[in-house]
Amino acid sequence: MSDYYNEPAGSPVTPPRPAPKGDAMALMALLCGSAALLSFMFGGSLLMGSLGIVFALLSRTDRMTSQARAGFIMSLVSLFFYTLCVAVVFYTLSATGLLDGLIRDILAVDPASPNAYNDIFSVLQQYLTQLYGMITAPAGPAGALTGGGLV
């Protein structure tokens, strides 16, 4: 076991070993997977999770390092939770009958309008506010949808 300070004067110093090629990609996979897991409720997991999976797969030489594996798993978990949240929102909208009106109102927005993005956002906000009001309203008889309350 040689040490730099214990080498005799004039002996060749071994240069540091270069990092393996996939280390930067594995680190990016880990960072993207972490960011995706932390932001799955805000839609960031769709982009970050996909990038984390791509970076993890690109970092492979013959085996996946532990960083790449952790990033890959976190990216998959965040994409699963994001898909689950989207499915729950769509199921809730369809169960309350709001999905048909939401689609109709979004399709009624003129895409050529300079405020089309704001109009679609306000339609979404209106329906989500209405859905929140239905969920938090006082409940009627068990299993009934009465007076705007979802039981």
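**Helix packing in a predicted model**

Of the 151 residues in the protein, 24% are buried (under 20% relative accessible area; exposed is over 50% and partly exposed lies in between, with a 1.4 Å probe and protein chains only). The model is predicted, so local features need pLDDT of at least 70 and side-chain atom pairs count only at pLDDT 80 or more, while totals for chains, interfaces and linings use all residues. Residues are numbered from 1 along each chain as its sequence is written, and side-chain values use heavy atoms, with hydrogens and water left out.

Start with the elements. The protein has five helices and two strands. Their order from the N terminus is α-α-α-α-α-β-β. Both kinds are DSSP runs numbered from the N terminus: helices are H or I with at least four residues, and strands are E with at least two. Now take the contacts, meaning heavy atoms within 4.5 Å. Among contacts in the protein with a separation of 6 or more, 51% come from residues 24 or more positions apart.

Next comes the helix packing. Two packed helices are described by the angle between their axes and the distance between the axes. Axes here are lines fitted to C-alpha atoms, for helices over the stretch in contact, and angles run from 0 to 180 degrees between N-to-C directions. Angles under 35 degrees count as roughly parallel, over 145 as roughly antiparallel, 65 to 115 as roughly perpendicular and the rest as oblique.

Take helix 1 (residues 23-38) and helix 2 (residues 44-58). Their axes are 8 Å apart, at an angle of about 155°. The pair is therefore roughly antiparallel. Helix 1 passes helix 2 in a left-handed crossing (the near helix is turned anticlockwise from the far one by less than a right angle; clockwise would be right-handed). On the helix 1 side, the contact is made by Met25, Met28, Ala29, Cys32, Ala35 and Ala36. Helix 2 contributes Ser45, Met48, Gly49, Leu51, Gly52, Phe55, Ala56 and Leu58.

Helix 1 also packs on helix 3. The two axes come within 7 Å and cross at roughly 30°. Helix 1 and helix 3 are therefore roughly parallel. This crossing, too, is left-handed. Helix 1 brings Asp23, Ala26, Leu27, Ala29, Leu30, Gly33, Ser34, Ala36 and Leu37 to the contact. They meet Gln67, Ala68, Ala70, Gly71, Met74, Ser75, Val77 and Ser78 of helix 3.

Met48 is found in helix 2. Its relative accessible area is 28%, so Met48 is partly exposed. Not counting residues up to four places away in sequence, Met48 touches Cys32, Ala35, Ala36 and Ser75. From Met48 to Ser78 is 30 residues in sequence, and 9.1 Å in space, C-alpha to C-alpha.

Ser78 is found in helix 3. Ser78 counts as buried because its relative accessibility is 0%. Neighbours within four places in sequence aside, Ser78 is in contact with Ala36, Leu37, Phe40, Ser45 and Gly49.

Tyr82 is found in helix 3 as well. At 22% relative accessibility, Tyr82 is partly exposed. Leaving aside neighbours within four places in sequence, Tyr82 is in contact with Phe40, Gly43, Ser45 and Leu46. Tyr82 and Gly44 are 38 residues apart along the chain, and their C-alpha atoms are separated by 9.0 Å.

Follow helix 3 (66-95) towards helix 4 (98-107). Phe90, Leu93 and Ser94 in helix 3 meet Leu98, Leu99 and Leu102 in helix 4.

Thr96 lies in the loop between helix 3 and helix 4. Thr96 has a relative accessible area of 12%, so it is buried. Its side chain reaches the backbone oxygen of Leu93 at 3.2 Å.

Last, the cysteines. A disulfide is a pair of cysteine sulfur atoms within 2.5 Å. By this rule the count is zero disulfides. Cys32 is buried, at 5% relative accessibility. Cys85 is partly exposed, with a relative accessible area of 26%.

Terms used. Polar contact = N/O pair within 3.5 Å; in protein donor to acceptor, adjacent residues only side chain to side chain.
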